[in-house]
Amino acid sequence: MPPDKIISVENVTKYYGKAIGVRDISFDVQEGEIFGFLGPNGAGKTTTIRLLLDLLRPTSGLLKLFGMNVSAHSFQIRKKCGYLPGEFTALSNLTGLEFFRLLSGLRQSHDKPNHDFLDRFGLSKQILHRKIRHLSHGTIQKLGIIQALMNDPELLILDEPTTGLDPLMQEVFYELLLERQNNGCTIFFSSHILMEVERLCSHVAIIKNGEIVGREVMADLKNKAERIIEITLSHPVADLKLPNAILKNSNGLTYTFAVDGGIEGLLTGLAKLPVADISISKPGLENLFMKYYTDTEND
Amino acid sequence: MINSTYPGLVWKTNKGFTIFSMFFIVFMQFLILYIITTIDTTSIITSILSQLPEKVRIFINDSFLSTLTFDGAAAFGLNHPTVIAIVAIAAINIPVRHISREIEDGTMELLLSHPFKRTSLIFKLWISGSLILLVIAVTGFLSSVFAIQIFHDLTTTIGWRLAQICINFWLLFMVIMSYTLLIATASKAGSFAGNLSAGITLMLYLLFFIGQLWDAIAFLKPYSIFTYFQPQKLMFGQGDFWGDILVLFCVALVCFAGSIWFFNRRDIP
């Protein structure tokens, strides 16, 4: 079977004793996608990632990577993956260079960290010769990112990858991810930062209390997201109403609406009004994600 | 290059305490043999022993009085409680550091996310740990040989018996390392494995000694690994060298196999 589905998770449940890790989760990730996995702390993001890498064994359900069963072909799968754990901790008694050598040794490859990556993250030879325990949290995170990218993986699994990176380095990281995607790499990452998910991901899944509460294509999500429209009319209109829009406030002839969902109906409605000026804000996903989180909380 | 391999990592992590253990054994061997050759310890100890109950006297005679001869002292250097304690710490530390602590601090997750089989990890750890303990045992052997050569006279028979003691010594600590590995692979992360293993080692050590003094529990002696490590007896040609090493090797092997079984089935949290 051509592995166009790089990740396939079918009805996976994981219990830790009596406590639930994830319950009956299912999703797919296609080749070349950047897939965002979102959820609050303790929702089950890291559990899902560890299940994908065969670090945890599912209580029930089936996980496939590259079309292969994770528990039966874990070794072959891990050859094709790069992984950055959440709260990344390297082996602190090694230097950065020794750390990279060890990981290459485990892969029985002679891959060295790409000099271009090292330069872009500002990791000089001096830094690489220092013991990891003497490095800052941000620098250790950079080592983590580079080790994940080092063997040119077909699938990158990243657990909250930008933790500890300054905004400049976050920017470098985003560029690297997009380059990897252009080279055909599939990227699965969990994050709290909605801005980076919005910027990078083509698909997202939202997990809460161990259950997937939403699976969305980012473009559709943006269409669903609430827009704020401000219109100024040339003269007053009685009983002003717009499709899909809720009047938030008004000031003289200026009205502010929150528009939920598509804007086709809204544009038709606007065409009938004496609009003197209009501004439409870019849709923000924050409210939408918050809605996912809080909606299920109220269930 | 050794640094780029897992055994290289094991050596690098345990190098400090291994070197300390090696120096300690050398120091103890030279100190004990120096004391035996320069001070008349026999009359002092014999006068103290004469005041003890018969049972205790027989036990001490077996375990310690033989050390009053030069050969016995050389064997005692590798059976001294402080040497046993230090090398036991080294043996317990290896699996605890590389299994329990690495699971706890997340580095195990990183290692196993690479194409590195769990069986391979346990095998390499066990072999690396065995080699580290072998280095300590060989140091014990060489320091005994040199100390005897310096203070006394080394014969082929003493050399061979010292070699037997060192193999026996090595296998004893292989067993301690192996059951610690078994506990570490089967238990949760943290200090539990180390504490439990240290407790078991102490209990087995006490069982062996108390078993010699107290007939009611003498039947438990075969269950203590220390029963299969009696350097003084080996030095005087009274021990069952092949029987002892066979028992110790089998126990180590069973624990190693159990470790692989548990580690392949467990979650890495």
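Modeller: A residue counts as buried when its relative accessible area is under 20%, as exposed when that area is over 50%, and as partly exposed in between. Please bear in mind that this is a predicted model.

Colleague: Is A:Asp54 buried or exposed?

Modeller: The relative accessible area of A:Asp54 is 7%, so the residue is buried. A:Asp54 is placed in the loop between α1 and β4 (60–65) of chain A. Its backbone also deserves attention: phi is near 65°, a positive value in a residue other than glycine.

Colleague: Where does A:Thr59 lie, and how is its accessibility classed?

Modeller: A:Thr59 is found in the loop between α1 and β4 of chain A. Its relative accessibility is 48%, and it therefore counts as partly exposed.

Colleague: What is to be said of the phi angle of A:Glu87?

Modeller: Phi of A:Glu87 is near 45°, again a positive value in a residue other than glycine. The residue belongs to the loop between β6 (81–84) and α3 (96–106) of chain A. A:Glu87 counts as exposed because its relative accessibility is 75%.

Colleague: How many residues line the largest pocket, and which lie nearest its centre?

Modeller: The lining comprises 27 residues, and those nearest the centre are A:Thr46, A:Arg50, A:Gly86, A:Glu87 and A:Asp159.

Colleague: Which elements supply at least two residues each to the lining of the largest pocket?

Modeller: In chain A they are β2 (19–30) and α1 (45–52), and in chain B α5 (81–105). The most is given by α1(A), with four residues.

Colleague: I turn now to aromatic rings. How many aromatic pairs does the structure hold?

Modeller: There are 23 aromatic pairs over all chains. One of these can be worked through: the ring centres of B:Trp126 and B:Phe256 are 4.2 Å apart and the planes stand at 15°, so the pair is stacked. This pair links distant parts of the chain, since B:Trp126 is in helix α7 (residues 118–151) of chain B and B:Phe256 is in helix α11 (residues 241–265) of chain B, 130 residues apart. Both B:Trp126 and B:Phe256 are buried.

Colleague: What geometry do B:Phe208 and B:Phe209 show?

Modeller: Their aromatic pair is edge-to-face, with 5.2 Å from centre to centre and 65° between the planes. B:Phe208 and B:Phe209 are both buried. Ring pairs can also join into a cluster, as they do for A:Phe27, A:Phe35, A:Phe37 and A:Phe188.

Colleague: Which charged residues lie over the rings of A:Phe66 and B:Phe263?

Modeller: Over the ring of A:Phe66 sits the charged end of A:Lys80, 4.7 Å from the ring centre. In chain B, B:Arg118 lies over the face of B:Phe263, at 5.9 Å from the ring centre.

Colleague: How is the overall architecture of chain A to be described?

Modeller: Chain A has eleven helices and 14 strands. Its domain assignment gives domain 1 (5–222) and domain 2 (226–282), and the C-alpha centres of these two domains of chain A lie 43 Å apart. Along the principal axes, the C-alpha atoms of chain A fill a box of roughly 75 × 45 × 35 Å. Of the 299 residues in chain A, 50% are buried.

Colleague: Where do A:Ala271 and B:Gly106 lie?

Modeller: A:Ala271 lies in helix α10 (residues 264–271) of chain A, and it counts as exposed because its relative accessibility is 65%. B:Gly106 lies in the loop between α5 and α6 (107–112) of chain B; its relative accessible area is 15%, so it is buried.

Conventions
Residues are numbered from 1 along each chain as its sequence is written. Chains are lettered from A and ligands numbered from 1 in the order in which they are written. This is a predicted model: local features need pLDDT of at least 70, side-chain atom pairs count only at pLDDT 80 or more; totals for chains, interfaces and linings use all residues. Side-chain values use heavy atoms; hydrogens and water are left out. Buried means under 20% relative accessible area, exposed over 50%, partly exposed in between (1.4 Å probe, protein chains only). Rings of Phe, Tyr and Trp (its six-membered ring) pair if their centres lie within 6.5 Å; planes under 30 degrees apart count as stacked, over 60 as edge-to-face and the rest as tilted. A charge sits over a ring if NZ of Lys or CZ of Arg is within 6 Å of the ring centre and within 35 degrees of the ring normal. On a 1 Å grid over the protein atoms alone, a cavity is a set of points where a 1.4 Å probe fits but cannot get out, and a pocket is an open set with protein on both sides within 12 Å along at least five of seven lines; lining residues have an atom within 4 Å of a point. Domain bounds come from an automatic or database domain assignment.
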